[in-house]
Amino acid sequence: SGCRQRPVHCGLLEEWIMATVAVSGCIWRSLAVRNRVNPRLTGAAFYSTPLAPTSAAATQAVTRGKRASPKEKQRREPVPPRTQKMEVDQNWCNVYPTAAAFKSSVVPLPVRMGYPIKRGVPPDKIGNLELIKIPNFLHLTPPAIKGHCTALKEFCTEWPAALDSDEKCQHHFPIEIKTTDYVAAGPSVRNSMARVVSLSIRLSHLYLDDHARKKFIKIVGNRYNKDTDTLTITTDRCPLRRQNYDYAMYLLTVLYHESWKTEVWESDKTEADMDEYIWENSQSEKNALHTIFRMNEAENVTVSEEEVINSPEVHNYKTSVVNIKNVGETEDSILQYKESVKKLLHLQGAA
């Protein structure tokens, strides 16, 4: 009986082996079809159905949801640059509305920049880092500036008709502020020297008496120009321009109020302590007036003191004395003093 059942078991085993081989062949054929259809498809899920042992048809691999892989999505055809699609009469202000780095695909100009290699021409604009480093003015073309001015015009007021000359402007606006903006080709658009503020004003525009004016000039030192009567204050201590401007205005305010102060020791100053010679109430003025009055008494001439002080002889003598005391003795000043004394004493005919 064992011999009779053995052929049955062998037949079943052969059928099981044939089915396994058929399934394996189906799997390998599906993988081959996948690679032949698109070798770059990776990461997608594939399914296959086993064939019947007697079927020899090949299976087709399908992707999940019929979607392409991420790499297939990333690969796109290169788009032509924008310069090839620009119109000749386009509005350039829409291309570069604000300050931006150089873009080779946007600027329709054959720009070159860089060191020429092997005695050739400088590199082209495409992929040129030198053009990207530096700032450009492609957003400040004449039409763009005109458009900005037109937009700001409605917020501006007309220039006052009364200020039709520089003298009137200087009279009504005596303070002059000077600042400097720097533009350079570098990694940064900022410049530390742009914070410096220079303030200028004429002392004649300030309400100062003789004492306050002299004290003001003494305090400021070499910041005052005697020839132009101009005070110049330069501030650069603060990191910002606005801070230096406020500091300059503060210094001008402090100088003005300090010059009007009169200390106790200032009233004890004598003629020898003065910084400059003053003719009014000086000993030279008293001696000159005393001599003239004695001459008038001898000639029986009555003249008031005001007339004597305002006479041209006394004025010339005053000018020559003040010039010698403050400027110094020179050949011209001594000659001027000699002539003024001769006129004062009516000695024109004397050698």
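Strand 3 and strand 4 (residues 230–235) are paired in the antiparallel sense over two bridges, where strands are DSSP runs of E with at least two residues, helices are runs of H or I with at least four, and both are numbered from the N terminus. Two strands count as paired if DSSP finds at least two bridges between them. Within this pair, Tyr 224 stands opposite Leu 231 in strand 4. The model is a predicted one, in which local features need pLDDT of at least 70 and side-chain atom pairs count only at pLDDT 80 or more, while totals for chains, interfaces and linings use all residues. Residues are numbered from 1 along each chain as its sequence is written, and side-chain values use heavy atoms, with hydrogens and water left out.

**The sheet and the helix across it**

Strand 1 is joined to strand 2 by three bridges, and the two run antiparallel; here Glu 176 has Ser 200 in strand 2 as its bridge partner. Strand 2 also pairs with strand 4, in the antiparallel sense and over six bridges, and Ile 201 stands opposite Leu 231 in strand 4.

Strand 2 is mostly covered, with five of its six residues buried. Buried means under 20% relative accessible area, exposed means over 50%, and partly exposed lies in between, for a 1.4 Å probe and protein chains only.

**Salt bridges**

The structure holds eight salt bridges, each defined as a side-chain nitrogen of Lys or Arg within 4 Å of a carboxyl oxygen of Asp or Glu. Among them are the following pairs.

| Pair | N to O distance |
|---|---|
| Glu 130 and Lys 133 | 3.3 Å |
| Lys 214 and Asp 210 | 3.2 Å |
| Asp 229 and Arg 213 | 2.9 Å |

Asp 229 is buried at a relative accessible area of 14%, whereas Arg 213 is partly exposed at 28%.

Lys 214 and Asp 210 are four residues apart in helix 7 (residues 210–220), and are therefore separated by about one helical turn. Lys 214 is partly exposed, with a relative accessible area of 29%, and Asp 210 is partly exposed as well, at 48%. Glu 130 and Lys 133 both lie in helix 4 (residues 129–133), three residues apart, which is about one turn of the helix; Glu 130 is partly exposed at 33%, while Lys 133 is exposed at 55%.

**Cysteines**

The structure holds zero disulfides, a disulfide being a pair of cysteine sulfur atoms within 2.5 Å. For Cys 149 the closest cysteine sulfur is that of Cys 156, and because the two sulfurs are 8.6 Å apart they are too far for a bond. Cys 93, at 23% relative accessibility, counts as partly exposed.
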